Amino acid sequence: MAANINANGAKLDFADDMSYGDYLSLDSILDAQHPLSTDHNEMLFIIQHQTSELWIKLMLHELNAARERLKADDLSSAFKMMARVSRIMEQLVRAWDVLSTLTPSEYSSFRPFLRQSSGFQSYQYRLIEFVLGNKNAVMIRPHRHAPKLAAILQEELERPSLYDEALKLLVRRGYQLDAGVLNRDWTQAYTYNASVEQAWLEVYRNPNDSWDLYELAEELVDLEDSFRTWRFRHMTTVKRIIGFKRGTGGTSGVGYLTEVLEIELFPELWRVRTSL
């Protein structure tokens with residue numbers, strides 16, 4: 001038996017009011033898929049990447065806010081935001097399961113229509129890497145044709161990363177770090193420092209003395225763990241679909257994706273486990 005919508009008081013007339021579709025700008029979103037081929041499977045490829053970009057936008061929203069919360073010593077709020085980012089990455093990992101239903105022959109049918117476009121050129125993904133400390137000015141070059149985007153990336157390149165702000169917090173709490181850790185060139189990727197490992201070692205050995213810093217360390221580890229899982233699943237999906245072909249954006253494809261898996265964003269937090 002059908003539900004009595006009228007009896008439940010559902011609003012049915014939106015001629016003069018905002019509807020669900022209006023609030024979410026669904027007309028624009030659902031009209032943003034424009035396959036260039038006639039192949040049935042290209043729609044999957046487009047929606048997979050469009051939805052990923054939406055999730056990445058939310059990750060940037062949360063990571064930027066978490067960084068500001070660390071600067072303000074509001075760790076509890078930062079923890080919630082960082083945990084949310086880790087869960088978003090889990091969502092993105094699961095999304096690769098959908099794309100992996102695309103067989104090599106199916107992808108080959110529309111791949112030429114991508115020309116030189118590639119996820120390698122995602123400026124939002126590059127912002128995620130910069131926020132997390134994997135800085136590389138060369139990665140701005142693919143966006144020089146779009147000055148506004150290049151400026152956004154350059155600004156992020158020059159800012160302290162989320163991890164840099166965590167290390168500043170350690171110093172504010174009285175932990176001794178080498179002067180070069182906080183007086184370095186922010187445009188360079190963060191590299192391991194023994195004094196930072198020693199500071200985290202003290203936190204881990206005495207968690208009850210600095211429980212919020214202990215929790216911060218674990219939130220950072222969880223964040224990087226999720227990020228590396230996301231990148232690993234990306235690599236295996238690409239390998240499954242195109243093997244070792246060169247990427248459409250000119251990278252070595254699987255070779256490049258395998259290489260970036262070796263990057264450690266928060267190296268001391270991984271090494272400290274050996275010292276405990």
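Q: Why is Asn41 called buried?
A: Asn41 has a relative accessible area of 16%, and because the buried class takes values under 20%, with exposed over 50% and partly exposed in between (1.4 Å probe, protein chains only), Asn41 counts as buried. This is a predicted model, in which local features need pLDDT of at least 70 and side-chain atom pairs count only at pLDDT 80 or more, while totals for chains, interfaces and linings use all residues. Residues are numbered from 1 along each chain as its sequence is written, and side-chain values use heavy atoms, with hydrogens and water left out.

Q: Where does Asn41 lie, and what is in contact with Asn41 beyond its neighbours within four places in sequence?
A: Asn41 belongs to the loop between α2 (26–30) and α3, the helices being DSSP runs of H or I with at least four residues (strands: E, at least two), numbered from the N terminus. Leaving aside neighbours within four places in sequence, Asn41 is in contact (heavy atoms within 4.5 Å) with Leu102, Glu106 and Phe110.

Q: What makes the pair Arg67 and Glu156 a salt bridge?
A: The N to O distance between the two side chains is 2.8 Å, and a salt bridge needs a side-chain nitrogen of Lys or Arg within 4 Å of a carboxyl oxygen of Asp or Glu, so the pair qualifies. In the whole structure the search finds 16 salt bridges.

Q: What makes α8 and α11 roughly antiparallel?
A: Helix α8 (residues 162–172) and helix α11 (residues 211–242) pack at about 165°, with their axes 12 Å apart. Angles over 145 degrees count as roughly antiparallel, under 35 as roughly parallel, 65 to 115 as roughly perpendicular and the rest as oblique, so the two helices are roughly antiparallel.

Q: Which residues make the contact of α8 with α11, and which classes do they belong to?
A: From α8 come Leu162, Tyr163, Ala166, Leu169 and Leu170, and from α11 come Leu213, Leu216, Leu220 and Leu223. By class, this contact has nine nonpolar, no polar and no charged residues.

Q: Why is Arg115 called exposed, whereas Asp73 is called partly exposed?
A: Arg115 has a relative accessible area of 69%, so it falls in the exposed class, whereas Asp73 has 40%, so it counts as partly exposed. Arg115 lies in the loop between α5 (104–110) and α6 (123–131), and Asp73 in the loop between α3 and α4. Phi is near 55° in Arg115 and near 60° in Asp73. Most residues other than glycine have a negative phi.

Conventions:
Axes fitted to C-alpha atoms, helices over the stretch in contact; angles between N-to-C directions. Nonpolar A, V, L, I, M, F, W, Y, C, P; charged D, E, K, R; others polar.
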